[in-house]
Amino acid sequence: MANHLAGHTTFTSRQELDSAVRRHLKGKRHKTNRTDRTVFELIHSHSGPFLVAQLTQKQMEDELYVSNSTIRRTIRKLIKLEMIRRVAFIEPETQGPGANIYVILPAGAWNDVDAD
């Protein structure tokens, strides 16, 4: 059976993902605060072999010692800034909500500075 994370990434290698993360952080530094960058870096650090992260909001809260409302607000902001995409995941066994899949998006040339 194929992994449910396969096919969500927009990158072909870890190097491409890492480069996009650097470009986002540098190019959007003036639009983000420390919490935004910390959540983004957490998503990056949890991006495994399929180059996407699957995390619950509770996991993020616990790792970063911030409130649920802070996580929700930050995720909305990162989506609006086109840094990430959130994919809702339904647990196959329970048919209930599972941990969301977070996909880091390529850094667009129109609003990012070259960080390589």
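This is a predicted model: local features need pLDDT of at least 70, side-chain atom pairs count only at pLDDT 80 or more; totals for chains, interfaces and linings use all residues.

A: Axes here are lines fitted to C-alpha atoms, for helices over the stretch in contact, with angles from 0 to 180 degrees between N-to-C directions. Helices (H or I, at least four residues) and strands (E, at least two) are DSSP runs, numbered from the N terminus. The crossing of helix 2 and helix 3 is right-handed, meaning that the near helix is turned clockwise from the far one by less than a right angle.

On the helix 2 side, Thr 38, Val 39 and Leu 42 meet Met 60, Glu 63 and Leu 64 of helix 3, where contact means heavy atoms within 4.5 Å.

Now for the surroundings. Helix 2 also lies across strand 1, strand 2 and strand 3, running at about 100° to strand 3. Those strands form an open antiparallel sheet in the order 1-3-2; two strands pair if DSSP finds at least two bridges between them. Strand 1 (53-55) and strand 2 (84-87) are the edges, each pairing on one side only. Three bridges join strand 1 to strand 3 (residues 100-104), and Gln 54 stands opposite Ile 101 in strand 3. Helix 4 (residues 68-80) lies across strand 2 and strand 3, at about 120° to strand 2.

Residues are numbered from 1 along each chain as its sequence is written. Local features need pLDDT of at least 70, side-chain atom pairs count only at pLDDT 80 or more, and totals for chains, interfaces and linings use all residues, while side-chain values use heavy atoms, leaving out hydrogens and water.
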